[in-house]
Amino acid sequence: MSEATTNTLRRVKRRIYEILEGAVVDKASHACEIFIATLVVANVVAIILESVHSIHEAYEAYFHIFDLVSVMVFSLEYVLRVWTYSEKHTGPGDSPWQGRKEYVFSVFGLVDFFSTVPFYLQLLFPGADLRVLRMFRLLRIFKLSRYNSAMEDMLEAIKSEWDSFSSAMFLLFISCLLFSSLIYIIEGHDQPEIFPSIPAAMHWFILTIISGWGNVDPVTYLGTVLVIVTQVLAIALAAILTGVVATAYTAQVQRRESIYEMEVREVLADGVVSEEEKAKLKALQAKYGMSDEQVDAIANQVKAEKSTA
């Protein structure tokens, strides 16, 4: 292969990587993002409608064609991402497979892979009952997380407040063990078919915590008191967990805004904003899911502070 052909192929690979990853915010990457997101939403709607027997029987051929086209698009996307991810690490000592392995074994890479595998398994095993595997197609909804940082923010928020979150979960576990044992002791003799064991009582406790009612009416006075206390505890634990996650999520969003503000200050430090710096800020804005109003407010604040300094 000639050097000119190699350079052209390298430029094409780099361009595809920029479009798929949004490394450069332009019309092509934005159009690609909208197209894939729209196709993912359409797939989820199709999977839901396909579960309705009458609709599935009437439009089975159309569902199959749509799924075939979708799998072709998603398979092409997966192959292109594996091929172009060598552009993520282009340092002197970096290997082309470093970025590829990083993508293949990442959460997004696994989602991209398993969301298309059921189709190919159906081709390899046409007579097998793969209804459970076909539900893996619903994983395609997680592809939207690549274009929205909400889920990543939530996971980062839980990770940053893991001590508080784990403490709340520990309280939940202790409460489950304690109240399940008590309801088994109090109600087990009068309702042996409902509370035959502590694990069965744990099932009642979990239902009570989640829905507010464990689908069981106590027959003893102490059992009634215990159910009321459990329901109050459910509200308290839900408030604790919600407060921990909400606080951590807010802190995570503020942290991202602070990072963006630091980048803006660094860019405006010399008074000149180059095209490369503009592209970097645009990419950072897209990555953090910040609106134009938020970006303008941060930029105006930094400029006002600099003018008064």
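**Stop 1: the cavity**

Start with the largest cavity, which holds about 50 Å³ of space. The structure has 1 cavity of 30 Å³ or more. A cavity here is a set of points, on a 1 Å grid over the protein atoms alone, where a 1.4 Å probe fits but cannot get out. Grid points are joined across faces, edges and corners, and the volume is the space filled by probe spheres set on the points.

Keep the origin of the coordinates in mind: this is a predicted model, where local features need pLDDT of at least 70 and side-chain atom pairs count only at pLDDT 80 or more, while totals for chains, interfaces and linings use all residues. Residues are numbered from 1 along each chain as its sequence is written, and side-chain values use heavy atoms, with hydrogens and water left out.

Now select N43, A46, I47, E50, F63, F66, D67, R137 and R140, which line the largest cavity. Lining residues have an atom within 4 Å of a point. Color them by class: 4 are nonpolar, 1 is polar and 4 are charged. Ala, Val, Leu, Ile, Met, Phe, Trp, Tyr, Cys and Pro count as nonpolar, Asp, Glu, Lys and Arg as charged, and the others, Gly among them, as polar.

Which helix supplies the largest share of this lining? Show α2, which gives 4 residues. Helices α2 (27-50) and α4 each supply at least two lining residues.

**Stop 2: F63**

Is F63 buried or exposed? F63 counts as buried because its relative accessibility is 13%. Buried means under 20% relative accessible area, exposed over 50%, and partly exposed in between, with a 1.4 Å probe and protein chains only.

Show the contacts of F63 next. Leaving aside neighbors within four places in sequence, they are A46, L49, E50, I55 and H56. Contact means heavy atoms within 4.5 Å. Then draw a C-alpha to C-alpha distance from F63 to I47: the two are 8.6 Å apart in space and 16 residues apart in sequence.

**Stop 3: α4 against α5**

Follow α4 (residues 60-84) to α5 (residues 96-104). Their axes come within 7 Å and cross at roughly 140°. The axes are lines fitted to C-alpha atoms, for helices over the stretch in contact, and angles run from 0 to 180 degrees between N-to-C directions.

Select the contact itself: Y78, R81, V82 and W83 on α4, with R100, Y103 and V104 on α5. The set has 5 nonpolar, no polar and 2 charged residues.

**Stop 4: two loop residues**

Go to L138, in the loop between α8 (131-134) and α9 (150-160). L138 has a relative accessible area of 30%, so it is partly exposed. Its C-alpha lies 9.9 Å from that of F114, 24 residues apart along the chain.

Jump to D26, in the loop between α1 (3-21) and α2. D26 is partly exposed because its relative accessible area is 23%. Select K282 too: D26 and K282 are 256 residues apart in sequence, yet 9.3 Å apart C-alpha to C-alpha.

**Stop 5: zoom out**

Show the whole protein as a cartoon. There are 14 helices and 0 strands. Helices (H or I, at least four residues) and strands (E, at least two) are DSSP runs, numbered from the N terminus. Of the 309 residues, 31% are buried. Among contacts between residues at least 6 apart in sequence, 65% join residues at least 24 apart.

Key:
1 Å grid on protein atoms, 1.4 Å probe; cavity = no way out; pocket = protein on both sides within 12 Å on 5 of 7 lines; lining within 4 Å.
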